[in-house]
Amino acid sequence: MNTQVKVITLAIITMLISYADAEAQMSSTNNKILVTYFSHSGNTREIALQIKEATGADVFEIVPVHPYPTNYDSVVEQAKRELKADYRPELKTAISYMASYDVILVGSPCWWSTIAPPVMTFLSSHDFSGKTIVPFITHEGSGLGKSVQDVKRLAPGATLLEGQAFRGHAVKDARNDVLKWLREIKLLK
Ligand SMILES: Cc1cc2nc3c(=O)[nH]c(=O)nc-3n(C[C@H](O)[C@H](O)[C@H](O)COP(=O)(O)O)c2cc1C
């Protein structure tokens with residue numbers, strides 16, 4: 001091998017090692033993680049996918065049997081009615097494999113200062129005893145509101161880690177905040 005080839009080979013090997021290091025840094029801790037979310041207009045989905053990208057977590061979308069209206073005023077009115085009635089909309093699927101997970105991140109848009117009704121159905125129809133739940137919310141001003149309180153009420157057997165709120169209109173720029181938060185709660189090294 002001439003010197004130039006050796007230098008190039010060495011540079012490639014160094015690059016591959018540092019890439020592998022970065023990958024290892026990004027990989028999650030040993031907990032088996034599931035990210036579940038409901039999203040009406042895509043913001044919460046975006047955060048869920050950023051969490052998946054960072055941790056390698058599995059993803060489960062919470063989908064109501066009857067989709068909410070796309071018209072803003074209509075969905076706001078329907079959500080108000082459902083929350084007032086403590087209504088639990090039926091979901092398309094349930095998780096039968098919850099036992100495989102230690103940590104479940106639960107994402108919801110903030111609706112009337114709390115989690116959306118499909119997320120309430122999801123929480124109240126699964127057994128989270130012995131699991132760790134991490135709520136995350138996208139919102140336009142209310143922050144976590146009373147969502148953590150409601151998650152606690154609907155999943156009484158779970159241990160709750162600190163929840164995090166993200167501005168709905170800025171989710172595309174939230175990557176660093178997502179990583180910082182995941183490190184703080186020790187889901188990322
Ligand atoms: C029915 C409804 C109620 C909402 N209520 C609130 C609220 O109380 N506080 C708030 O900050 N944002 C509220 N928002 C804004 C959403 O929380 C925000 O746009 C969120 O990022 C949407 O997430 P998604 O795209 O995943 O559905 C509401 C939106 C809808 C549709």
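The lining of the largest pocket divides into 8 nonpolar, 13 polar and 1 charged residues. Here Ala, Val, Leu, Ile, Met, Phe, Trp, Tyr, Cys and Pro count as nonpolar, Asp, Glu, Lys and Arg as charged, and the others, Gly among them, as polar. This is a predicted model, in which local features need pLDDT of at least 70 and side-chain atom pairs pLDDT 80 or more, while totals for chains, interfaces and linings use all residues. Residues are numbered from 1 along each chain as its sequence is written.

The pocket has a volume of about 520 Å³. Of its 22 lining residues, Tyr 72, Pro 109, Cys 110, Trp 111 and Glu 140 are the closest to its centre. Helix 3 gives the largest share of the lining, 4 residues. The table shows the elements that give two or more residues to this lining.

| Element | Residues |
|---|---|
| Helix 2 | 43–55 |
| Helix 3 | 72–84 |
| Strand 3 | 103–111 |
| Strand 5 | 132–139 |

Helices (H or I, at least four residues) and strands (E, at least two) are DSSP runs, numbered from the N terminus.

Now let us look at strand 3, where Ser 108 is found. Ser 108 counts as buried because its relative accessibility is 0%; buried means under 20% relative accessible area, with a 1.4 Å probe and protein chains only. Beyond residues up to four places away in sequence, Ser 108 touches several others (heavy atoms within 4.5 Å), among them Phe 38, Thr 44, Val 119 and Phe 136.

Val 119 is also one of the buried residues of helix 4. In this helix (residues 117–124), 7 of the 8 residues are buried, so helix 4 is largely enclosed by the rest of the structure.

Note on methods. Side-chain values use heavy atoms; hydrogens and water are left out. Buried means under 20% relative accessible area, exposed over 50%, partly exposed in between (1.4 Å probe, protein chains only). On a 1 Å grid over the protein atoms alone, a cavity is a set of points where a 1.4 Å probe fits but cannot get out, and a pocket is an open set with protein on both sides within 12 Å along at least five of seven lines; lining residues have an atom within 4 Å of a point. Grid points are joined across faces, edges and corners, and a volume is the space filled by probe spheres set on the points.
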